[in-house]
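Q: I have a model open and would like to learn how to read it. Can we take it feature by feature?

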Amino acid sequence: MSEATLKRLLKELRDSQRNEAEYVEDLHPVDDDNLFEWIAVVRGPVDTPYDGGRFEISIKVPVSYPLAPPTMNFVTTVCHPNVQFKTGEICLDLLKTAWSPAWTLQSACSAVAMLLGQPEPDSPLNVDAANILRCGDTRAYRSLVRMYVELHAMGSSNDE
Amino acid sequence: MSGAPKVSTRRMAATREVSMPSSGPSTTSPTPVLSQSDRLVPNPINEPPSAPMPLTSNVTSPAFPSSPSNPDNLPPTKSLDPSLAPLSPQLPNVTSSQPHQRPKFDLSFPGASQADIIRANQKDEQAEMMLQQQITQVVVQTWGTRFHMRHGQDINFGASLVYYCLTTLAGSQTLGEEYCDIFPVTASSVGVPRPPPVSKRLALVALQCVVPYLLSKWASALRGQGQLAQFANLPPQLEAFLRAQGQLPPRPPVVEEAPALVENPSIADRVKASYKSMQSRLPSIIPKIRIFLTSYVTPLHLAIFYFTGIYYTIAKRLVGWRYIFTRQLHPAELPISYEPMGLVIVLQTIVEAIRALRSLTTLTETKASEQGATDPEALADVPEGDEIEVETDEWERQPPPVVMSGAKKCTLCLEPRKSPAATECGHVFCWRCISEWINESKPECPLCRQSIKAAHLYPLYHYI
Ligand SMILES: [Zn+2]
Ligand SMILES: [Zn+2]
């Protein structure tokens with residue numbers, strides 16, 4: 001754990017409180033004493049079946065951050081070809097091989113929210129959702145997604 | 001055996017511009033040949049009739065410029081044809097049979113063609129420039145660049161002076177003239193073209209070398225004075241400051257002028273005063289004169305050259321310095337004419353002159369309208385200026401764009417860059433941030449993903 005990492009995370013916290021990123025509703029560390037675990041809430045992009053939903057993401061920051069990417073998982077259940085249905089694991093290249101320290105936690109969250117609107121059925125973590133999309137049955141895909149959004153993403157927001 | 005070679009030599013001689021009108025009694029058979037060759041060889045110089053080149057009377061002189069009075073009728077040293085020699089013994093016969101009607105022998109040398117004059121000039125310029133460059137090199141190596149910076153003009157002048165003193169003034173051809181095989185002759189000597197005398201050579205070197213140099217020196221000196229005159233309008237504090245800094249020469253004593261004005265001015269004083277006033281105005285006039293010369297006089301002179309084909313430079317026209325060929329011209333290479341180019345230049349100059357005149361008149365009109373500006377116009381001008389001011393104020397009041405504040409930040413640590421380093425792709429980070437990224441993660445730019453190497457990071461000094 002380096003001082004530079006801490007400094008940068010502090011800086012990111014300050015910046016995220018000051019400026020808002022697109023689709024990112026909230027971003028803060030789980031615990032004030034621990035800057036290596038964060039929680040984020042993103043909104044579903046407009047004109048997608050995720051519109052109106054609020055999705056919680058848990059973020060784990062490695063000690064070598066920003067040289068290594070943070071690990072992100074959906075806490076809220078999401079039906080999406082690139083999101084593992086049970087664990088909430090996200091398949092997004094920028095969180096793995098394409099990571100660059102120029103990304104911040106906030107911009108990465110924004111990218112994850114964008115991924116909701118732009119599914120990549122060719123590298124699926126949710127094979128069922130990907131198959132529906134690959135068949136070209138967008139209507140079925142949209143209604144399936146919408147159902148889960150209304151079940152998990154909207155109800156929970158109302159509860160909280 | 002005896003007749004045939006004579007005819008042939010005669011014909012050759014005729015083609016070498018010995019035009020022989022059909023006056024000779026012994027030349028019955030070659031006459032048609034001669035007249036034909038006459039047609040082949042046109043009047044060699046398309047010159048105004050004031051300066052005729054042809055050598056009409058004295059046949060025995062071989063008309064070679066360097067040896068105008070050759071007693072032995074020897075063939076001229078250079079390219080004049082030896083076939084003239086067998087012809088010359090016959091000539092007395094021709095003249096003796098008809099003593100009152102002297103035959104006209106056009107033994108003239110053809111005037112140098114325009115193309116060759118231009119080529120010689122360019123060759124000379126090239127040689128001059130080479131000499132200048134070599135001398136410059138020597139000067140720079142011995143006294144350094146600073147010396148050359150200060151005296152470059154003088155050095156170039158010295159080089160061209162050396163070049164023309166060694167060639168023209170010494171009485172030999174310049175390299176360009178030699179290259180084109182043209183010989184300088186004087187225009188004034190009617191009949192025999194003579195090599196220019198020393199006085200003319202001196203005059204030419206002075207006119208094309210020394211005078212321009214002195215004029216430019218004088219102009220630059222006057223320009224310096226003009227700048228001083230501009231300083232006269234400075235606010236007094238600034239002027240004092242500049243003088244203290246040594247940017248301005250100490251103010252000349254003004255006290256002397258006052259009594260001179262009071263007294264009755266003598267003629268010398270008046271002349272002095274008029275010269276002074278002229279001098280004060282000259283710095284503003286000289287550029288105009290220069291523009292006038294370069295945009296009207298020089299092109300028009302060039303056009304005249306294209307029409308007449310004699311004097312390529314003004315200096316040579318002033319001296320009367322013309323060129324002849326000492327070799328024989330092929331009929332094919334004769335009729336080169338640059339008249340269309342001359343015409344084009346004249347047209348261009350006229351158009352330019354018209355445009356300049358028009359802009360001058362509009363300038364005076366606008367000046368007049370500015371001076372006679374009525375109040376409403378002046379009032380109309382004011383809000384405009386105000387608007388502009390308001391705009392700039394608003395722009396200044398706006399917070400600086402985000403890019404500006406982010407520009408000095410490292411995208412890796414999100415802080416102001418410490419000892420900045422640039423990648424090959426031109427992105428700038430902290431040295432430590434980017435080298436850590438390269439060494440511990442992957443060798444590519446965090447911003448544009450271009451592959452980079454730690455060895456190819458450039459530290460940026462004095463860069464914030
Ligand atoms: Zn940095
Ligand atoms: Zn780059």
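Q: How much area do chain A and chain B bury between them?
A: Keep in mind that this is a predicted model. Buried area is what two parts lose on being put together, summed over both. Here chain A and chain B bury about 1,200 Å² between them. Carbon and sulfur atoms carry 55% of that area.

Q: How many residues of each chain are in contact across the interface?
A: 16 residues of chain A are in contact with 16 residues of chain B.

Q: What about salt bridges and polar contacts: how many are counted between chain A and chain B?
A: The count is 1 salt bridge. For polar contacts, the count is 7 residue pairs, both residues at pLDDT 80 or more.

Q: Which side chains meet in a salt bridge?
A: Those of A:Lys7 and B:Glu415. The N to O distance is 3.9 Å. The cut-off is 4 Å, so the pair qualifies.

Q: Now the fold. What pattern does chain A follow along the sequence?
A: Read along the sequence, the pattern is α-β-β-β-β-α-α-α. That gives 4 helices and 4 strands in chain A.

Q: How do strands β1 and β2 of chain A run, parallel or antiparallel?
A: Antiparallel. Strand β1 of chain A covers residues 24-31, and strand β2 covers residues 34-43. They are joined by 6 bridges. The two form a hairpin, with 2 residues between them.

Q: What should I expect of side chains along a strand?
A: In a regular strand they alternate between the two faces of the sheet.

Q: How much of chain A is buried?
A: Buried residues make up 48% of the 160 residues in chain A. The accessible surface of chain A comes to about 8,000 Å². Carbon and sulfur atoms account for 50% of that surface.

Q: What share of the contacts in chain A with a separation of 6 or more joins residues 24 or more positions apart?
A: The share is 55%.

Q: Let us finish with one residue. Is B:Thr423 buried or exposed?
A: B:Thr423 is buried, because its relative accessible area is 3% and the cut-off is under 20%. B:Thr423 lies in the loop between β3 (420-422) and β4 (428-430) of chain B.

Q: Which residues is B:Thr423 in contact with, leaving aside neighbours within four places in sequence?
A: B:Phe429, B:Ile434, B:Ile452, B:Leu457 and B:Tyr458.

Key. Residues numbered from 1 in each chain as written. Chains lettered and ligands numbered in written order. Predicted model: local features only at pLDDT ≥ 70, side-chain atom pairs only at ≥ 80, totals over all residues. Heavy atoms only, no water. Buried < 20%, exposed > 50% of the residue type's maximum accessible area, 1.4 Å probe, protein only. Contact = heavy atoms within 4.5 Å. Areas by Shrake-Rupley, 256 points an atom, 1.4 Å probe, with all protein chains shown as cover. Pairing = 2+ DSSP bridges. Buried area = accessible area lost by both parts, 1.4 Å probe. Polar contact = N/O pair within 3.5 Å; in protein donor to acceptor, adjacent residues only side chain to side chain.
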